[in-house]
Amino acid sequence: MRTFVFFSVFFALFHINGVCADKDVKYEHRNKHLILSDGERSLFWFYTIHSESAENPIFKEIELKIDEFYPDVVFVEGGANRRRDTTKADAIKAGESSFASFYAKSKGILVRDIEPSFKDQLRYLQSKYSPENILAFYIVRQIGSIQLTGNIRKLSLEQIMKSMTNDLIKDGLVIDSTLIGFDRLLEVVNSNISKKIDSTNWEGSKMYREYGSNQRDNKMFQNIYFDITSFRNIHLLNLLEKSKNEYKRVFVVMGAGHLAETKDKLIELYRN
């Protein structure tokens with residue numbers, strides 16, 4: 001098998017909130033899906049803008065495209081294939097990959113993870129960065145994600161930090177026990193960002209700018225972001241090449257940034 005190696009290009013974060021409750025509103029990015037075929041085998045990459053809003057037409061679009069394409073397998077990100085959602089509403093609350101997993105399984109379609117395990121991702125990052133920098137990066141990314149999806153008031157800053165830290169430790173991040181307290185976590189985070197946050201001002205901090213674009217001069221976070229994105233993209237390209245030989249019809253639900261960075265390689269793959 002060929003191994004795909006390339007430099008990750010830095011893309012700004014994409015995001016869309018629910019825009020209308022009208023069920024007839026069309027998904028505005030529906031013309032950006034990538035559909036490839038070599039005559040015998042096909043790939044459909046669903047152009048995804050992350051959302052957890054039931055009002056967002058992306059979820060109806062996912063249903064429509066899975067029904068139309070009727071794949072042999074659906075690949076999702078973030079470990080969504082391991083979720084056990086029992087209702088459509090719960091799946092939507094967890095985002096578009098979880099919903100795609102829920103819907104595909106309801107149709108009897110195989111669902112697989114398109115990413116390396118989080119343990120593998122952390123193992124890779126720990127070979128290059130300090131535990132403190134990795135911890136700060138993922139806490140800040142989690143805060144940014146919560147800010148973007150509009151779930152700010154559901155959790156406190158302390159809850160977010162401690163929950164993310166526990167998840168990281170569970171998946172293999174080796175850190176000193178003195179880092180686990182809220183005050184120490186806050187100190188580690190603030191030492192890595194341009195404007196200090198606390199329990200009173202974090203909601204309006206626009207934390208996603210610290211890691212998801214070049215608007216701030218945060219080289220450490222940008223380096224981690226570049227590295228882990230490239231690591232994930234290399235994995236998914238190798239997996240999709242292998243899967244082309246296993247399945248005739250492959251459906252992918254993953255963030256638009258990953259599609260932008262792998263599109264040329266995928267087009268090349270389906271020419272052969």
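Tyrosine 70, at 45% relative accessibility, counts as partly exposed, a class that lies between buried (under 20% relative accessible area) and exposed (over 50%), as judged with a 1.4 Å probe and protein chains only. In this predicted model, local features need pLDDT of at least 70 and side-chain atom pairs count only at pLDDT 80 or more, whereas totals for chains, interfaces and linings use all residues. Residues are numbered from 1 along each chain as its sequence is written, and side-chain values use heavy atoms, with hydrogens and water left out.

Tyrosine 70 is placed in the loop between helix 1 and strand 3 (73–76), where helices (H or I, at least four residues) and strands (E, at least two) are DSSP runs numbered from the N terminus. Although tyrosine 70 is not a glycine, its phi is positive, at about 40 degrees. Most residues other than glycine have a negative phi. Lysine 206 likewise has a positive phi, near 50 degrees, in a residue other than glycine, and is found in the loop between helix 7 and helix 8. With a relative accessibility of 38%, lysine 206 also counts as partly exposed.

The protein chain as a whole contains nine helices and five strands, which follow one another along the sequence in the pattern β-β-α-β-α-α-β-α-α-α-α-α-β-α. Of its 272 residues, 50% count as buried. The chain exposes about 13,600 Å², of which carbon and sulfur atoms supply 48%, the areas coming from the Shrake-Rupley method with a 1.4 Å probe and, for residues, only the protein chains shown counting as cover. Among contacts (heavy atoms within 4.5 Å) between residues at least 6 apart in sequence, 76% join residues at least 24 apart.

Two packed helices are described by the angle between their axes and the distance between the axes. Here the axes are lines fitted to C-alpha atoms, for helices over the stretch in contact, and angles run from 0 to 180 degrees between N-to-C directions. Helix 1 (residues 58–69) packs with helix 3 (residues 96–106) at an angle of about 40 degrees, the axes being 10 Å apart. That angle makes helix 1 oblique to helix 3, since angles under 35 degrees count as roughly parallel, over 145 as roughly antiparallel, 65 to 115 as roughly perpendicular and the rest as oblique. In this pair, Ile58, Phe59, Ile62, Glu63, Ile66 and Asp67 of helix 1 meet Glu96, Phe99, Ala100 and Tyr103 of helix 3. These residues divide into seven nonpolar, no polar and three charged, with Ala, Val, Leu, Ile, Met, Phe, Trp, Tyr, Cys and Pro counted as nonpolar, Asp, Glu, Lys and Arg as charged, and the others, Gly among them, as polar.

The axes of helix 6 (residues 157–170) and helix 7 (residues 182–190) come within 10 Å and cross at roughly 85 degrees, and helix 6 and helix 7 are therefore roughly perpendicular to each other. Their contact involves Leu157, Glu158, Met161, Lys162 and Thr165 of helix 6 together with Phe182, Leu185, Leu186 and Val189 of helix 7, and by class it has six nonpolar, one polar and two charged residues.

Helix 8 (residues 219–246) and helix 9 (residues 256–269) pack at about 30 degrees, with axes 10 Å apart, and are therefore roughly parallel to each other. Among the residues of helix 8 and helix 9 that meet are Leu236, Leu237 and Leu240 in helix 8, and Leu266 and Leu269 in helix 9. By class, the contact of helix 8 with helix 9 has five nonpolar, four polar and five charged residues.
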